[in-house]
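Take a look at the chain below. Then read the briefing, topic by topic.

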Amino acid sequence: MPTESQSPHLPFGDNTHAEWYGKDILSVKQFSRADLEYIFGVAHEMRGMVERVGTFDLLKGKILANLFYEPSTRTASSFMAAMQRLGGSVVAINEVKYSSVSKGESLPDTIRTLECYTDVIVLRHPEVGSAAIAAEAAEKPVLNAGDGVGEHPTQALLDLFTIFEELGAGKVDGLTITMLGDLKYGRTVHSLARLLTLFDVKLNYVSPEILRMPKDVMDEVSAKNIPQTEYTTLEEVLPETDVLYVTRVQKERFENPADYEKVAGSFVVNPEIMKAAKQEMIVMHPLPRVGEISPDFDTDPRAAYFLQMEYGLYVRMALLAMVLGKA
Ligand code: NCD
């Protein structure tokens, strides 16, 4: 294992003029298939480097601002770990109530402040479009880590990377992907459905009536000629499913708490139900789960949700290196 003074050969050049240098990552709509191959190639290299050396100096001297206006465990900590594994450091603001946000500071002013001190900004915010507003205010790259019920592009990338790594990169075309749960408020499925339109897939949406996939997302999917069908029960589509993407009912986004009570616990994936599914398929979840997948399914080889978390580290390392001109 190389010591710090003998840095290993890094498989990444200094491409400060490369295509991704200085770019914002706001929506999955900005990616092509070629982009995905490139990002996943870099993520794959990152995986190898983490396994071999753990931490290395690709982003030494660079600082990330991790600005979270909404709760997060995985997204916040994986961006922090990603930056630190690349040798960079992090200014973390995850309790905005202790920052000047609680004094009424606007998002653009907070962003302008943080970019004085840092090189790249990761933002999670409760309002749709907030990442675009931040990117407008900032010269430095802004990465959208979830803008309300809008998008969660880095999650969609790690979700697709998981599918590539687990089912085979060449095998996305032809897959049947079933999204289950809160398709109305779940931003991860909004981004993933859009991203999957780059492939020849079939999409199934299973949700309670009041949590159906929004019309704007469905219109975008049908404009790309991707077949999509809505269902209210999982049983009808489980046997044909290659990827079952389960989501949490987003309690915090309901205007009326009584509506949440009506649909909470509508779907539970457990070993009994999964008997009807293929052996060669995967079950994914962006996590946190609050009962949608019973823990006794966790040891099933089809359970891919813990792998997803790990792959999120590599994808976020790749994205940070790319926008900072080092990949
Ligand atoms: C998701 C999110 O924040 O949208 N979590 C995550 O980033 N892994 C899903 C959720 O909160 O249910």
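Predicted model: local features only at pLDDT ≥ 70, side-chain atom pairs only at ≥ 80, totals over all residues.

Residues are numbered from 1 along each chain as its sequence is written, and side-chain values use heavy atoms, with hydrogens and water left out.

**The record**

- For residues 23-165, UniProt lists "domain: Aspartate/ornithine carbamoyltransferase carbamoyl-P binding", in an unreviewed entry.
- UniProt positions are given in the numbering used here, feature names are shortened, and annotations may be inferred rather than shown by experiment.

**Helix α3**

- Helix α3 spans residues 107-117, and its buried residues are L107, T110, I111, L114 and E115.
- These residues sit on the same side of α3, because they cover an arc of only 130° around the axis. The arc is that of the directions from the helix axis to the C-beta atoms.
- Buried means under 20% relative accessible area, exposed means over 50%, and partly exposed is in between (1.4 Å probe, protein chains only).
- An α-helix has 3.6 residues a turn, so residues three or four places apart point the same way.
- What do the buried residues of α3 pack against? They pack against β1 (63-68), β2 (89-93), β3 (120-125) and α4 (130-137). Contact means heavy atoms within 4.5 Å.

**Aromatic rings**

- Rings of Phe, Tyr and Trp (its six-membered ring) pair if their centres lie within 6.5 Å. Planes under 30 degrees apart count as stacked, over 60 as edge-to-face and the rest as tilted.
- By this rule there are nine aromatic pairs.
- F254 and Y260 form an edge-to-face pair, because their ring centres are 5.6 Å apart and their planes lie at 80°. F254 is buried at 12% relative accessibility, and Y260 is buried at 14%.
- Y305 and F306 also pair edge-to-face, with centres 5.1 Å apart and planes at 65°. Y305 is buried at 1% relative accessibility, whereas F306 is partly exposed at 39%.
- One aromatic cluster is formed by F40, F161, F164, F199, Y311 and Y314.
- K23 lies over the face of W20, at 5.6 Å from the ring centre. A charge sits over a ring if NZ of Lys or CZ of Arg is within 6 Å of the ring centre and within 35 degrees of the ring normal.

**The loop between β8 and α8**

- This loop runs between β8 (243-246) and α8 (257-263), and R248 is found in it.
- Is R248 buried or exposed? R248 is buried, with a relative accessible area of 16%.
- The side chain of R248 makes a polar contact with the side chain of E252, at 2.9 Å. A polar contact is a pair of N or O atoms within 3.5 Å; within protein, one must be able to donate a hydrogen and the other to accept it, and residues adjacent in sequence count only if both atoms are side-chain atoms.
- Not counting residues up to four places away in sequence, R248 touches D182, H285, P288, V290 and E292.
- V249 is buried, with a relative accessible area of 10%.
- Leaving aside neighbours within four places in sequence, V249 is in contact with D182, L211, F254, Y260, V263 and E292.
- V249 and R289 are 40 residues apart in sequence and 9.0 Å apart in space, C-alpha to C-alpha.

**Backbone angles**

- Most residues other than glycine have a negative phi, and most peptide bonds are trans.
- The peptide bond from L287 to P288 is cis, with omega near 10°.
- L287 has a positive phi near 65°. L287 lies in the loop between β9 and α9 and is buried, with a relative accessible area of 12%.
- N225 is not a glycine, yet has a positive phi of about 60°. N225 lies in the loop between α7 (215-223) and β7 (228-231) and is exposed at 68% relative accessibility.

Definitions and conventions:
Helix = DSSP H or I, 4+ residues; strand = E, 2+ residues; numbered from the N terminus.
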